[in-house]
Amino acid sequence: MRLPSADELEQLEDIEKQWAVKAMHHAETYFKLISAIDPRQLRLTNIDDEILKDFEETFPEINVECLDEKDFKTPAAKEKWRNFMNKYEKRVNEYNFGSLIRIDCKEDYTEQNTMFGVRMQFYAVEIARNKKGLNDGLRQTDHCSSLPFLLVSFNLKSTMLGRSAFKLLNRRNVIALGAVATTGGALFLSSDNKVHAESNKLKFWQSLPGENTPENPGFAKLRGMAAEQRFRTSLAQNNGKTDFDVVIVGGGIIGLATARELLKRFPNMTVAVLEKEREVAAHQTGHNSGVIHAGIYYKPGSRMAKTCVRGADLMYEYCKQNQLPVERCGKLIVAVDEKEHKQVERLMEIASLNGVKDLQILNSEEIKKLEPNVVAYSALYSPNTGITDFGLVAQCIANEIMQTGRAEIKLAFEAQKFESKDGRVEIWGGEPSQRGPTLKVTAKNVITCAGFYSDRVAGLAGGDAGRAKVVTFRGTYYQLKPEYRGICRMNVYPVPSGGGIPVGVHFTPTVNTRRGIQMIVGPGACLTFSREGYTFFDFKMEDIFGSLTNLNLWMFALKNPSLSLGELYKDMNKRAFLRAAQAYVPGLTEDMVEESFAGVMSQVFEKGGIAANDYILERKVMDGKILCVRNAPTPACTASLAIAEMLIDTATEDFEWEQSEKSIEGPNKVQQLSAIAA
Ligand SMILES: Cc1cc2nc3c(=O)[nH]c(=O)nc-3n(C[C@H](O)[C@H](O)[C@H](O)COP(=O)(O)OP(=O)(O)OC[C@H]3O[C@@H](n4cnc5c(N)ncnc54)[C@H](O)[C@@H]3O)c2cc1C
């Protein structure tokens with residue numbers, strides 16, 4: 001056997017130390033949790049039940065109450081465990097990470113009662129113990145929190161480094177490593193102490209909003225449809241009609257809500273929604289924080305302010321009626337010092353002018369009562385801010401409009417050319433990135449709601465392409481690992497600091513069909529090199545050129561240099577990213593989070609590099625036949641149902657539609673659900 005070189009030896013030792021610190025941190029947090037709350041309620045992974053079933057079937061011989069090391073350490077046992085664990089490689093985060101496992105479930109992590117294993121073994125054993133109530137007794141015991149872990153650190157220093165290293169190296173090297181471990185012990189211990197000092201401050205909520213809500217039939221059905229993707233197939237089953245009263249370009253929440261409003265108000269009209277992707281809500285609508293904003297930040301009297309306050313009410317009502325997941329979990333906007341407190345006071349004034357209800361300014365003690373892990377000088381508390389899954393809302397609206405029998409959603413139809421002919425608009429297009437076949441639909445009027453392509457689509461339709469140019473920013477999110485998810489339970493935001501763009505890493509609980517119940521941290525706001533720049537490496541020459549030649553963006557960047565460079569750095573560096581959140585949740589550490597999704601947000605900069613702070617419409621394009629939405633950034637999901645009202649009001653006026661006296665409501669809930677089930 002080749003002996004490792006000095007460099008390799010050093011690396012191995014470093015890796016061992018990192019493992020040890022992480023494993024101890026993990027063990028400590030876990031032990032605190034099961035000593036504080038009912039372990040039967042605890043979820044360690046998203047698939048606890050599946051792991052338990054598999055474990056009990058694969059290892060019926062293991063007595064989880066008191067483990068026998070033979071069941072883990074013999075060659076046959078190791079092989080069996082390896083096969084068991086490999087199934088979870090892509091499904092359980094850090095599935096093979098070194099972990100500490102208690103031998104006797106009634107005891108702490110003492111030197112004698114701790115063995116070293118991997119994360120899947122830890123999960124299998126502890127999920128079984130929790131579900132069987134074997135850990136219940138720990139809550140009655142009075143534990144001194146640091147003592148067991150100091151013992152563990154001793155154990156790790158003397159035993160784990162040696163023991164696990166033994167597997168890697170021969171005896172001579174163990175002696176060498178042992179010497180390094182002893183001298184490295186002080187270092188090791190001090191970094192360990194720091195971790196403990198930080199995590200000692202944290203208290204975790206047992207559950208997040210929506211977690212204990214019994215699932216309702218509407219949500220379950222929609223989720224089933226979304227998961228199986230039958231929903232999008234059913235949308236594709238349109239009847240091939242090509243002539244409509246109105247065509248809407250863009251199957252995000254704005255386009256869909258506008259189609260719904262139009263069908264409600266005009267019982268005889270027909271509408272087609274053209275969407276370039278193979279599903280609705282594929283871009284901004286399906287990749288965002290999911291926050292139902294109360295209307296706090298927006299300029300009083302602006303479209304944004306008015307539609308947000310009304311839109312939030314409509315959104316809560318819509319979710320309730322359609323049994324979609326929604327939680328009025330509240331929000332804190334925190335100030336970390338006196339200077340930021342002035343911003344909190346200012347926000348209170350603005351929000352009151354906007355008609356936002358039930359706001360309160362809290363001091364640090366009052367904040368602690370609501371969110372024990374938040375350390376702040378003061379906060380604006382908004383109990384009516386909530387969360388939902390806007391992607392699911394959009395799918396529900398899509399389903400609703402299809403059921404009227406007067407609408408079609410044409411997927412994989414990218415609108416590429418608009419022409420005026422015989423008093424109607426011809427819209428030509430096709431599947432994106434394909435040369436053919438060319439598709440055509442015609443309509444009396446067109447409304448464009450194309451998200452981060454709104455400037456280009458408006459330009460194609462005959463609008464002013466040079467105006468309201470879109471710039472895109474990638475908003476990357478992290479999420480708390482399952483065992484740390486309860487770090488807070490409501491939205492916690494910093495005061496706004498983005499020079500007018502919605503920047504600010506915040507904590508948000510999610511009730512998302514695709515991503516589940518999570519606590520997300522984010523987003524950043526990093527300039528993208530492609531309009532669909534979901535990752536750092538997405539490049540598109542046309543888009544880079546567009547940004548480089550956008551003078552207003554340059555002026556914004558020059559006025560906010562630290563923001564521009566800082567966001568770029570944050571996008572690439574997890575530590576820098578989390579620092580923004582640690583400013584008000586100081587107990588958050590890097591190893592508590594894992595990567596989550598990214599969304600790309602559309603932003604328009606006006607003359608002088610000022611971030612547009614209202615929705616922008618371009619009216620009476622192509623001889624008065626087209627209405628273009630040119631800017632609909634956050635909180636457009638919250639406001640979507642109210643924006644739809646505003647757009648149909650505008651269209652009615654511009655296109656001189658005759659408003660029927662009797663508007664109709666969309667199909668009722670029972671009809672919708674039976675349609676979904678069909
Ligand atoms: C990271 C992030 C966080 C956010 N957080 C929140 C939040 O918490 N709360 C909130 O209210 N809002 C939030 N927003 C804002 C919100 O998501 C958007 O404002 C909203 O989704 C805009 O909807 P839309 O329909 O205009 O755009 P999109 O959802 O982007 O839809 C536009 C659609 O048009 C289609 N399209 C484009 N060009 C064509 C073409 N030529 N032919 C056919 N189809 C075309 C696109 O494929 C796309 O599906 C967030 C946004 C981001 C990115």
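Reader: Let's start with strand β23, residues 626-631: is it enclosed or open, and how many of its residues are buried?

Author: Buried means under 20% relative accessible area, with exposed being over 50% and partly exposed in between (1.4 Å probe, protein chains only). Strands are DSSP runs of E of at least two residues, and helices are runs of H or I of at least four, numbered from the N terminus. In β23, 6 of the 6 residues are buried, so the strand is largely enclosed by the rest of the structure. Keep in mind that this is a predicted model: local features need pLDDT of at least 70, side-chain atom pairs count only at pLDDT 80 or more, and totals for chains, interfaces and linings use all residues. Residues are numbered from 1 along each chain as its sequence is written, and side-chain values use heavy atoms, leaving out hydrogens and water.

Reader: Which strands pair with β23, and in what sense?

Author: Two strands pair if DSSP finds at least two bridges between them. Strand β14 (residues 439-448) runs parallel to β23, joined by 3 bridges, and Val446 has Ile626 as its bridge partner.

Reader: How does β1 read by the burial rule?

Author: Strand β1 (residues 98-102) is mostly covered, with 5 of its 5 residues buried. Gly98, Leu100 and Arg102 point one way, Ser99 and Ile101 the other, and all are buried. An antiparallel pairing over 5 bridges links β1 to strand β2 (residues 114-118), where Phe116 is the bridge partner of Leu100.

Reader: What is the strand order in the open sheet of 3 strands?

Author: The order is β5-β10-β6, with antiparallel pairing. β5 (291-292) and β6 (326-327) are at the edges with a single partner strand each, so one side of each has no neighbour in the sheet. Between β5 and β10 (residues 386-388) there are 2 antiparallel bridges, and Ile292 is partnered with Gly386.

Reader: Which residues of α11 are buried?

Author: An α-helix has 3.6 residues a turn, so residues three or four places apart point the same way. The buried residues include Met304, Thr307, Cys308, Gly311, Met315 and Tyr318. After α11 comes Gln323, with a positive phi near 55°.
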